[in-house]
2 protein chains.
Amino acid sequence: MSEVQATGAAELEGILAAAERAAGELRRGDRFARAAYLTAVADALDAEADALVPIGRRETNLPEARLRGELKRTTFQLRIFAETAVDGRYLDARIDHAEPEWPMGAPRPDLRRTHIPLGPVAVFSASNFPFAFSVAGGDTASALAAGCPVVVKAHSGHLDLSRETARVVGEALSAAGAPAGSFAIVYGTDAGRTLVQDRRIKAAGFTGSIPGGRALFDLAQSRPDPIPFYGELGSNNPVFVTEAADRARGGDIAREFIGSFTLGAGQFCTKPGTVLVPKGSRMLAALREAELPAGAAMLNERIREGYVQAVRALQAGGARVVNAGFDPYGEAPSPILHIVSAAEVLANPGALLEECFGPSSLVVEYDSEAQLPELASVFEGQLTASLQAEEGDDVAELVDVLAVKAGRVLWNQWPTGVSVTYAQQHGGPYPASTASGSTSVGTAAIDRFLRPVAYQGFPQGLLPDELREDPANPVPRLVDGR
Amino acid sequence: MSEVQATGAAELEGILAAAERAAGELRRGDRFARAAYLTAVADALDAEADALVPIGRRETNLPEARLRGELKRTTFQLRIFAETAVDGRYLDARIDHAEPEWPMGAPRPDLRRTHIPLGPVAVFSASNFPFAFSVAGGDTASALAAGCPVVVKAHSGHLDLSRETARVVGEALSAAGAPAGSFAIVYGTDAGRTLVQDRRIKAAGFTGSIPGGRALFDLAQSRPDPIPFYGELGSNNPVFVTEAADRARGGDIAREFIGSFTLGAGQFCTKPGTVLVPKGSRMLAALREAELPAGAAMLNERIREGYVQAVRALQAGGARVVNAGFDPYGEAPSPILHIVSAAEVLANPGALLEECFGPSSLVVEYDSEAQLPELASVFEGQLTASLQAEEGDDVAELVDVLAVKAGRVLWNQWPTGVSVTYAQQHGGPYPASTASGSTSVGTAAIDRFLRPVAYQGFPQGLLPDELREDPANPVPRLVDGR
């Protein structure tokens with residue numbers, strides 16, 4: 001057991017007061033300084049890998065190679081947000097020069113619009129990515145890049161790793177000259193609830209379960225001054241296999257699918273939880289005969305219990321076992337696959353399409369491809385939706401429905417593995433996200449922690465640099481609408 | 001009295017079903033078609049000005065010149081959103097080509113990100129702009145430009161004008177070939193509450209009071225699937241006059257200020273409700289002696305009653321009359337000015353800085369400019385904050401605080417009159433807006449009704465045009481981060 005103590009009220013008050021002070025300093029500072037802070041954190045975490053990874057091993061049961069890979073991803077993420085801060089496109093700087101003949105019917109004043117940081121951000125870290133969606137993960141990196149101080153609420157599943165990571169982050173920030181209060185960590189559910197309701201916290205990022213995320217979302221929205229709550233809650237990540245794809249590659253698709261839904265013991269928010277296959281498919285035959293990978297210990301006992309319960313609920317909803325490993329309900333649950341018909345899903349989508357966090361997936365047999373758009377439409381909002389299809393397939397209508405349902409649509413690829421890039425989208429309609437207009441992965445995640453401000457008729461010397469006629473550090477701008 | 005009837009449940013159901021169907025057609029259609037719809041609406045409204053303006057006169061007491069100007073602004077706004085749709089920058093199209101050596105530690109897939117419309121939008125129109133923030137106002141124009149069907153909830157203050165405007169809009173859309181269901185109007189509070197809770201409505205725009213807006217916001221956030229609620233609720237729009245500005249131009253500032261706070265009988269969300277002046281100022285002397293403009297009938301009796309109540313509350317909070325016209329509490333309330341000290345404001349900001357919708361403003365006398373940042377910090381979130389200052393003034397700290405408090409900061413200009421431009425920002429921290437990251441005026445307002453979608457590994461033929469290697473209609477794009 002970790003000896004980390006829950007954060008008390010007095011300590012929390014000090015953290016929030018310091019975060020509020022830091023918000024002003026970061027806002028008045030420049031984005032090049034923030035980039036340097038992020039790079040310093042990335043370097044420090046890389047340097048401490050040998051100390052941090054074993055703590056993660058002990059607390060999460062995740063294998064060493066996975067944790068080392070995840071830490072590399074995490075420091076890459078910090079560096080790409082440093083690059084994003086320097087780049088300055090995120091400011092969406094716009095200049096309208098005064099225009100006496102503006103056709104609106106009244107002269108247009110000189111208006112210049114940029115974005116400023118929202119202020120201190122609460123980050124609720126996830127159980128399943130102890131580095132990449134945790135203390136120094138994407139929410140923290142994007143908030144700091146935006147110029148917002150961060151107060152992390154540590155996940156109870158890896159308290160020691162959280163504390164050690166926070167120590168490395170805090171020391172690196174301090175050594176790099178970041179304002180005191182730019183970063184802090186708190187422990188315990190009460191501290192988390194207090195955070196999201198405190199007037200000094202101006203936004204929150206969350207990755208976790210639907211009930212936990214919704215409870216915090218509700219607190220954030222019922223404040224006297226509601227704040228944006230960027231929650232990534234849950235997703236089923238359906239995969240639609242066409243008849244032609246099954247004929248051409250049914251066996252390969254089955255093999256790849258098994259790799260995807262069992263990766264990391266199925267503990268990914270993008271795990272394919274449902275796969276829709278044609279009746280009598282080669283894929284199903286291959287799935288029945290496949291030797292599934294061995295079971296693996298899950299992140300912790302609470303998650304394992306929840307998983308076994310969810311599998312039982314699926315079975316109570318009528319799902320029949322297609323294939324399973326040695327001990328699907330044991331300490332290290334073996335992967336398990338169930339099956340239902342399309343008609344059963346249409347009759348009872350609530351029970352059958354619930355997220356099941358672990359090495360399980362549900363095969364849905366459909367009678368005809370013409371059913372696929374209707375089947376797609378019964379899903380709730382998703383992080384991802386995937387097609388396994390051939391180029392000649394008539395899937396335009398299905399793709400349209402999937403774009404409405406999901407933040408990311410994949411073609412002959414698998415949703416697990418979320419690349420940190422400029423064009424990534426991780427988020428989708430509720431409950432995939434509580435803010436479907438945003439992403440929690442990729443450089444656009446910085447937009448969540450910014451607010452537009454326009455300056456009207458201002459003298460050059462009082463404008464932010466990016467809005468001046470001759471900026472010291474030019475950024476791409478929209479000038480007079482061009 | 002208008003004979004418009006409240007919309008019944010059966011009619012509302014038909015409207016929502018049609019809006020849902022139209023959402024699919026608009027999403028699958030192209031942005032050039034939507035631009036043509038908007039232009040057709042603008043042309044039709046311009047052509048019907050002689051019919052519409054007299055109805056507005058009768059229902060709102062607003063003068064003919066004002067209504068004609070507002071209609072011109074409204075049709076300009078529709079056309080600039082048509083231009084925005086054609087321009088395509090709003091898509092924020094991003095392409096990451098596959099990169100096997102991506103330094104994250106895993107190959108980067110081909111990822112292409114664009115934005116799609118959210119779906120049907122509920123628009124709650126305002127009392128005080130019967131054209132520009134109403135049936136065919138900014139929310140409607142930006143939602144249609146984004147590709148979202150619109151269901152307007154008419155404001156009870158101008159039902160006949162709403163019905164007639166809706167008729168013109170509906171006929172123009174239909175003649176231009178817009179999908180049936182792209183636009184509808186409903187009447188009555190119950191219909192409005194139903195709208196914001198219906199699963200087919202995917203976002204809402206609102207301009208109005210804090211209590212009304214907050215009630216609808218709460219409904220939207222407590223849905224099983226919460227939706228974005230873009231509410232513009234209330235603002236006090238403080239003006240900070242420096243000592244040097246008062247010495248140099250105190251009399252002129254007083255004259256301009258009177259013009260601004262009495263414009264349109266003070267019924268603007270950007271009316272300057274507080275002006276902070278140095279003790280013993282020339283401006284105050286000028287205000288005491290000024291002949292205030294004559295009173296004008298307010299929009300309706302309910303608003304007049306609320307206004308008189310708010311003025312009485314200000315007086316109960318300790319505000320003393322500086323100057324007032326003939327009958328400040330009458331049928332056509334004469335403008336009235338009150339005064340308090342800085343110390344009184346700091347002791348009781350809640351009572352003294354509440355929005356007072358009508359021809360009233362509050363002078364706050366400060367002792368020293370050093371107090372201004374502290375005074376600025378007691379205001380709630382604002383649409384605007386203004387400075388009257390001279391170029392040599394040391395106001396950097398004050399400007400920083402004002403940017404944190406307001407969406408738009410003005411220098412030696414007045415906040416009334418919100419130009420529709422590319423760089424405009426109309427919105428600010430709560431309660432100025434329920435979504436401070438957005439604007440309800442200016443071309444960036446289109447962003448409110450869009451959602452990002454990324455396509456991974458897709459064949460060219462199934463991608464939206466803006467994401468193809470050789471698009472038929474190129475738009476500016478971020479390619480591989482550049």
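**Close-up views of the predicted model**

**View 1. The largest cavity, at about 100 Å³.** The largest cavity here has a volume of about 100 Å³, and keep in mind that the whole thing is a predicted model. A search of the whole structure turns up six cavities of 30 Å³ or more. Seventeen, written as 17 residues, line the largest cavity, and K271(A), G273(A), E354(A), E355(A) and C356(A) sit nearest its centre. The top contributor to that lining is strand β12 (residues 360-366) of chain A, which supplies three residues.

**View 2. Helices α7 and α8 of chain B crossing at roughly 35 degrees.** Here α7 (residues 189-197) and α8 (residues 210-221) of chain B have axes that come within 8 Å. The crossing of α7(B) past α8(B) is right-handed. On the α7(B) side, the contact uses G192(B), R193(B), V196(B) and Q197(B), while α8(B) brings in L216(B), L219(B) and A220(B). Sort those contact residues by type and you get four nonpolar, two polar and one charged.

**View 3. Chains A and B around their rotation axis.** Which residue of chain B comes closest to the rotation axis? Look for Q221(B), whose C-alpha is at 3.5 Å.

Methods. Residues numbered from 1 in each chain as written. Chains lettered and ligands numbered in written order. Predicted model: local features only at pLDDT ≥ 70, side-chain atom pairs only at ≥ 80, totals over all residues. Heavy atoms only, no water. Axes fitted to C-alpha atoms, helices over the stretch in contact; angles between N-to-C directions. Helix = DSSP H or I, 4+ residues; strand = E, 2+ residues; numbered from the N terminus. Left-handed = near helix turned anticlockwise from the far one by under 90°. Contact = heavy atoms within 4.5 Å. Nonpolar A, V, L, I, M, F, W, Y, C, P; charged D, E, K, R; others polar. 1 Å grid on protein atoms, 1.4 Å probe; cavity = no way out; pocket = protein on both sides within 12 Å on 5 of 7 lines; lining within 4 Å. Points joined across faces, edges and corners; volume = space filled by probe spheres on them. Least-squares fit on C-alpha atoms with pLDDT ≥ 70 in both.
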